[in-house]
There are 2 protein chains.
Amino acid sequence: MMFTLQRIPAFTSALFCRCSSKSFQRHCCRMLSKKVRVSDALSSKETGSNVRIQGWVRSVRPQKDNLFLHVNDGSSLQPLQVVTSSHLNTRDLTFGCAVDITGTLEKSPSKRQNVELHAQHIKVFGECNPVDFPFKIKERHSLEYVRQFPHLRCRTNAFSSLLRIRSEATTAIQSFFRDNGYVQIHTPVITSNDCEGAGELFQVEPAGHKNDSDDPNPHFFSVPAYLTVSGQLHLEVMAGAFSAVYTFGPTFRAENSQSRRHLAEFYMVEAEIAFTESLDDLMKVMEDLFKAATEHVLSSCAEDVELFHKYIAPGHRDQVDLMLKRKFNVISYTEAIDILKSSSQNFTFSTEAKHEKFLVKHCGNVPVFVINYPYELKPFYARDNHDQPNHTAAAVDLLVPGVGELCGGSLREERLELLSQRLAQAGLEDTYAWYLQLREFGSVPHGGFGMGFERYLQCILGLHNIKDVIPFARFSHSCLL
Amino acid sequence: MMFTLQRIPAFTSALFCRCSSKSFQRHCCRMLSKKVRVSDALSSKETGSNVRIQGWVRSVRPQKDNLFLHVNDGSSLQPLQVVTSSHLNTRDLTFGCAVDITGTLEKSPSKRQNVELHAQHIKVFGECNPVDFPFKIKERHSLEYVRQFPHLRCRTNAFSSLLRIRSEATTAIQSFFRDNGYVQIHTPVITSNDCEGAGELFQVEPAGHKNDSDDPNPHFFSVPAYLTVSGQLHLEVMAGAFSAVYTFGPTFRAENSQSRRHLAEFYMVEAEIAFTESLDDLMKVMEDLFKAATEHVLSSCAEDVELFHKYIAPGHRDQVDLMLKRKFNVISYTEAIDILKSSSQNFTFSTEAKHEKFLVKHCGNVPVFVINYPYELKPFYARDNHDQPNHTAAAVDLLVPGVGELCGGSLREERLELLSQRLAQAGLEDTYAWYLQLREFGSVPHGGFGMGFERYLQCILGLHNIKDVIPFARFSHSCLL
């Protein structure tokens, strides 16, 4: 006969547990205890209730009479303290092992936690040899060290906090767009556009495929196909039907770099908005998105965020609060150049990233929009401002503290004739015939932007290395797992 | 001086609109009218209010005194009826053109809509030559026809409804997992696993790369890298820290097929759950996910779903209601084979898809789980049931009406020794050394499944061709845009 929770009232559990057979008693206890997650147990008000938790041991402290464990199941940074008789201690009960514990939740005498679990039964599911396990009890391992173990680093406090934050930030971004009437579009990963004629593309063919130029049809897709560098052009298609659309997914660069700033596969949030006639409108969306997502993350992942702001990037919380409180700055590209020129620093041989960080510092460490770039610097789709004496395009970058460029966007050239001319100059009018048709049939002024999701996480958490904010990092010479 | 809505109370607008200069008057009207989306206008209770809408013309009906337009901005299937004096009709005002209209919302005398917009000003943003535009006014184009225009088909009713449903179904799935305590993981697209040794992989190298076997380091990632066919193994990593995780993203098969059932790039929902000891638990998650997501979509996209259930797959709503109402069936693989064998049909030369559909029909068109497959048919990670006389693995497929296989899952072999042996037999113990370590350090019983997102959409909408449920279809010999 099977006992189920539904059939037997909870208060009878004490009786059942007094039955004579030990294994039957354990079985009953587990069947009658309500399975709860650690995060729910920690916030539980019902002390005295019988519960069952399952997770991994994060610390073991045997004392004369009692054994203290910390058990984590990934539902929160804080573990649940488990107290039991020291005779339940076994050789298997080590840091890193997996356990199944039943007992009663009780008010904790310590100030460190509200409740603790008084365990009656502990079962070790999977052992963990502390000699072989690369993480050691009570040691705080550096981010560099744990990076070597992509299959295990999610079991460290810092990286599990990071991934909970990443998951919640994803939700926050999607909620922002949904609440504002955007339709989410799954733009394709494989594309025949090489977009801006940008280099650094990954090409895709079936495994074992030989690039044979004698073959009349050498490609799986009949044409060369690449991994997307941006969903923008596909979003422009959709903005012509839904007015406001966004995409959130992986993008790719075959950049030969192992620097702390580059990944071959990273995530981008991209939005495209029809009936947009001014960069002001775009900047408002970017600023609102940044602030709404950040406020959501700070409030729903307070504990996880605090780990970073306290131990890994001390003082960074003030920086985040400043960004949330202040209105973002706006300067023109020309002004930006003047600021860089008039600074005492020599930027001649400097990198773009250093320029960006200098500008942000100059603006009091508040994010700054740089607008209206030289027309010739921008891709074919950027809208011509038709201005004098500097001929500019209506493009914008958002620079933020610590990271530099976080977002890039522009109004798009919606005027058929102008776009047609520019594509013809580049010899691309056939390739982008479909793109021109978007302007031929019901064209509207529109614009959009992209935000690097990993850079966003770095910016709010104060993390220096982009490899520390993505579950599995891919970069030149590295594709572990 | 700039007028903004914030500074000027709405009731003064009438005054401003009476000013003498016509262009100034138009400008004022637009500045003073609140911009609303068509969906908001349609459900507005405030008749008499001044509003501004922007969208695309879906029909033009000139009458003697009045001109009737239907304007759609993608926020809903239903357009807004616009009524204006026929002298505002111009040659530019055609099917497909983009317009900016200001006027007053009034109660409509017709039963077809609650409100209509009495337009004072109409501006045509972008024209649309009806001769060149591939879609014609009042014509209902077939799904096959519109598929030829991947950059324009989102402007048809059916495909815009589809994409709104797809966006909302995405939200529904993510909400289901979030509400149940799952952490969302962005599993990588590029991977060095070739997973189950499955064929049909896409390989990735930088564009222009030559596959030169003399090169000592011929690969960008140092190793061959592929597009993912499943995020399962990466999710298993994460289930060992968070207990319950999921991923929702693109997956790939280099399948040389142009059939209505296959895509080279499609979306998968995959979940992995630690501390799971029975297929029952997995089946419960699959059934709950299917029912929760479907109920969400039916209630939040009622109008869009109705389009499919009324015009494209008549009668399909009953099928959907049946699936929601009934408990899903469970049969063993052995029973499934017996059912097929004892049927009067000859399945000797039949396809797997036909078997699946027959089984679903046999079960009264209610979804059916098929469990416990022959051990040898399943990949190395499937958990050995150690049963007799049929040696089976704890694997499960969910078959649904119209589509066949919708989900596939299994308990995973968590016992180090057994997994180790099986990998050694396949000569894979080095390749999957990291995967074995997951069992070495705190292993737990766990399992998971994947659900094809496009197949899910086909199943609830009654659509036969998978190319009609994805924004941009990629398949052999086709990668448009």
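## Strand 5 of chain B

B:Ala98 is in contact with A:Gly442, A:Ser443 and A:Val444 of chain A, and with B:Gly55, B:Trp56, B:Lys123, B:Val124, B:Phe125 and B:Gly126 of chain B, leaving aside neighbours within four places in sequence. Contact means heavy atoms within 4.5 Å. The residue lies in strand 5 (residues 98–107) of chain B. Helices (H or I, at least four residues) and strands (E, at least two) are DSSP runs, numbered from the N terminus. B:Ala98 has a relative accessible area of 0% and is therefore buried. Buried means under 20% relative accessible area, exposed over 50%, and partly exposed in between (1.4 Å probe, protein chains only). B:Tyr373 is 275 residues from B:Ala98 along the chain, and the two C-alpha atoms are separated by 56 Å.

## Basis of the model

This is a predicted model, in which local features need pLDDT of at least 70 and side-chain atom pairs count only at pLDDT 80 or more, while totals for chains, interfaces and linings use all residues. Residues are numbered from 1 along each chain as its sequence is written, chains are lettered from A and ligands numbered from 1 in the order in which they are written, and side-chain values use heavy atoms, with hydrogens and water left out.

## Chain A overall

Chain A has 14 helices and 17 strands. Its C-alpha trace spans about 90 × 60 × 40 Å along the principal axes. Of the 481 residues in chain A, 58% are buried. Among contacts between residues at least 6 apart in sequence, 67% join residues at least 24 apart.

## Cavities

The structure holds 8 cavities of 30 Å³ or more. A cavity is a set of points, on a 1 Å grid over the protein atoms alone, where a 1.4 Å probe fits but cannot get out; lining residues have an atom within 4 Å of a point. Grid points are joined across faces, edges and corners, and a volume is the space filled by probe spheres set on the points.

The largest cavity has about 240 Å³ of space. Its lining comprises 26 residues, and those nearest the centre are A:His186, A:Phe248, A:Gly249, A:Pro250 and B:Tyr267. At least two lining residues each come from helix 5 (157–179), strand 11 (244–252) and strand 12 (265–274) of chain A, and from helix 5 (157–179) and strand 11 (244–252) of chain B. Strand 11 of chain A gives the most, with 5 residues.

## Buried helices of chain A

Helix 6 (residues 232–242) of chain A is largely enclosed by the rest of the structure, because 11 of its 11 residues are buried. Among them are A:Gln232, A:His234, A:Glu236 and A:Phe242. Just after this helix, A:Ser243 takes a positive phi of about 70°.

In helix 8 (residues 302–312) of chain A, the buried residues include A:Asp304, A:Val305, A:Leu307, A:Phe308 and A:His309. The cover over the buried residues of helix 8 includes helix 5, helix 7 (279–300), helix 9 (316–325) and helix 14 (453–461) of chain A.

## Strand 17 of chain A

A:Gly448 is in strand 17 (residues 446–452) of chain A and counts as buried, at 0% relative accessibility. Leaving out residues up to four places away in sequence, A:Gly448 touches A:Ala271, A:Glu272, A:Leu282, A:Gly409, A:Ser410 and A:Arg412. A:Ala394 is 54 residues from A:Gly448 in sequence and 11 Å away in space, C-alpha to C-alpha.

## Backbone features

The peptide bond from A:Gln388 to A:Pro389 is cis, with omega near -5°. A:Pro389 is in the loop between strand 14 (368–374) and strand 15 (392–400) of chain A. In chain B, a cis peptide bond joins B:Gln388 and B:Pro389, with omega about -5°.

A:Asn365, which is not a glycine, has a positive phi of about 60°. It lies in the loop between helix 11 (352–362) and strand 14 of chain A and is partly exposed, with a relative accessible area of 27%. B:Asn372, in strand 14 of chain B, has a positive phi near 60° and is partly exposed at 23% relative accessibility.

Conventions. On a 1 Å grid over the protein atoms alone, a cavity is a set of points where a 1.4 Å probe fits but cannot get out, and a pocket is an open set with protein on both sides within 12 Å along at least five of seven lines; lining residues have an atom within 4 Å of a point.
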